[in-house]
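Reader: I would like to learn how to read a fold feature by feature. Where do we begin?

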Amino acid sequence: MFRHLREDIACILERDPAARSRWEVLTCYPGVHALAMHRIAHGCWQRGWLWLGRFVSHWARFLTGIEIHPGARIGRRVFIDHGFGVVIGETAEVGDDCTIYQGVTLGGTSLYKGTKRHPTLGRGVVVGAGAQVLGGFEVGDGARIGSNAVVVKPVPAGATVVGNPGRIVVRRTGGGVPAEAGTAGQERAGTAPSPAPARDAAAARAAFAAYAVEQNGDDPLARAIHALIDHASEQDARIRRLGQALEALGADVAQADKEPAGFDPGTLNKMVD
């Protein structure tokens with residue numbers, strides 16, 4: 001248990017620039033307290049002490065504002081930042097090196113007992129504030145779920161999802177899994193780990209996105225509308241050039257002067273943004 005606690009503190013110091021010392025993290029971060037109490041509750045649950053597991057979980061919720069069902073499976077180096085209002089259901093699974101922000105729900109949509117009702121997060125997943133991940137599907141390694149997104153279907157590894165309902169914005173190659181998780185995966189696969197762990201760790205830190213915010217991740221619908229506006233603007237310019245060419249050949253195109261002026265693509269693009 002103390003080994004897990006040391007790992008939790010170390011990952012928070014790495015991912016949260018507001019964390020100043022181990023003592024501050026240990027005493028002032030509710031995510032650390034909630035995970036420590038969950039390990040106790042989960043141990044009780046696995047031994048068949050169901051009421052005691054729920055009771056410990058209930059007190060953890062009272063003290064931290066984070067509700068984790070004792071049946072949920074939580075991996076190593078998971079960081080629940082701020083954490084108030086986080087709800088993790090009974091059959092949910094959270095992989096190693098995940099980051100979960102306040103107001104997140106890993107919820108179930110089925111009423112049948114004994115089934116997989118809650119989502120499974122792969123390694124290195126970032127779930128932004130207020131996001132709702134609902135259903136017994138998988139979110140792939142290194143995926144990012146934007147703040148307030150509502151996700152109701154599987155997410156491929158390395159993808160970024162935004163909106164309600166969730167839409168894939170960016171799909172990164174490599175998954176963006178933190179270095180420790182990636183090395184563990186190589187060991188399980190029977191391949192040699194990277195010869196430059198320090199470089200891999202630096203790359204993982206650079207790839208980490210707080211609140212799952214992509215710097216250049218525009219909404220896919222906005223990108224599509226921008227493309228349509230650009231296409232329409234190009235067609236409008238071509239029609240005007242054709243009119244001028246016909247007029248130069250002696251055709252009567254005076255009627256065109258009475259037609260509405262071409263639209264302003266700059267104004268429309270600003271409206272979409």
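Predicted model: local features only at pLDDT ≥ 70, side-chain atom pairs only at ≥ 80, totals over all residues.

Reader: Which element holds Leu63?

Author: Leu63 is found in helix H4.

Reader: Is Leu63 buried or exposed?

Author: Exposed means over 50% relative accessible area. Leu63 has 55%, so the residue counts as exposed.

Reader: How many helices and strands does the protein chain have?

Author: The protein chain has 8 helices and 15 strands. Of its 273 residues, 40% are buried. The accessible surface comes to about 15,500 Å², and 58% of that belongs to carbon and sulfur atoms. Among contacts with a separation of 6 or more, 43% are between residues 24 or more positions apart.

Reader: How do I read a helix?

Author: Start with the general idea. An α-helix has 3.6 residues a turn, so residues three or four places apart point the same way. Now take helix H3, residues 30–46. At 1.5 Å a residue, its 17 residues should span 24 Å. The end C-alpha atoms are 24 Å apart, which agrees.

Reader: Which residues of H3 are buried?

Author: The buried residues are Gly31, Val32, Ala34, Leu35, Ala36, Met37, His38, Ala41, His42, Gly43 and Cys44.

Reader: What covers the buried residues of H3?

Author: The cover includes helix H1 (2–15), helix H2 (22–28) and helix H4 (50–64). Strands E1 (67–68), E2 (73–74) and E3 (79–80) are also part of the cover.

Reader: What follows H3?

Author: H3 is followed by Gly48. The phi of Gly48 is positive, near 90°.

Reader: Which residues is Met1 in contact with, leaving aside its neighbours within four places in sequence?

Author: Met1 contacts Ala36 and Ile40, with those neighbours left aside. Met1 sits in the segment before H1. Its relative accessibility is 53%, so Met1 counts as exposed. Met1 and Arg39 are 38 residues apart in sequence, yet 8.0 Å apart in space, C-alpha to C-alpha.

Reader: How do I read a sheet?

Author: Again, the general idea comes before the case. Strands of a sheet pair through backbone hydrogen bonds, either parallel or antiparallel. Here, 5 strands form an open sheet in the order E1-E4-E7-E10-E13, with parallel pairing. The edge strands are E1 and E13 (150–151), and each pairs on one side only.

Reader: How many bridges pair E10 with E13?

Author: Strand E10 (residues 132–134) and E13 pair over 2 bridges, in the parallel sense. Val133 has Val151 of E13 as its bridge partner.

Reader: Where is Val87 placed?

Author: Val87 is in strand E4 (residues 87–88). At 29% relative accessibility, Val87 counts as partly exposed. Not counting residues up to four places away in sequence, Val87 touches Glu67, Val104, Thr105 and Leu106. Thr105 is 18 residues from Val87 along the chain, and their C-alpha atoms are separated by 4.7 Å.

Reader: In what order do the 4 strands of the other open sheet run?

Author: The order is E2-E5-E8-E11, and the pairing is parallel. E2 and E11 (138–139) are the edge strands, and each pairs on one side only. Inside this sheet, 2 bridges join E5 (residues 93–94) to E8 (residues 120–121). The bridge partner of Val94 is Leu121, in E8.

Key. Residues numbered from 1 in each chain as written. Heavy atoms only, no water. Expected span 1.5 Å × (residues − 1). Buried < 20%, exposed > 50% of the residue type's maximum accessible area, 1.4 Å probe, protein only. Contact = heavy atoms within 4.5 Å. Pairing = 2+ DSSP bridges. Areas by Shrake-Rupley, 256 points an atom, 1.4 Å probe, with all protein chains shown as cover.
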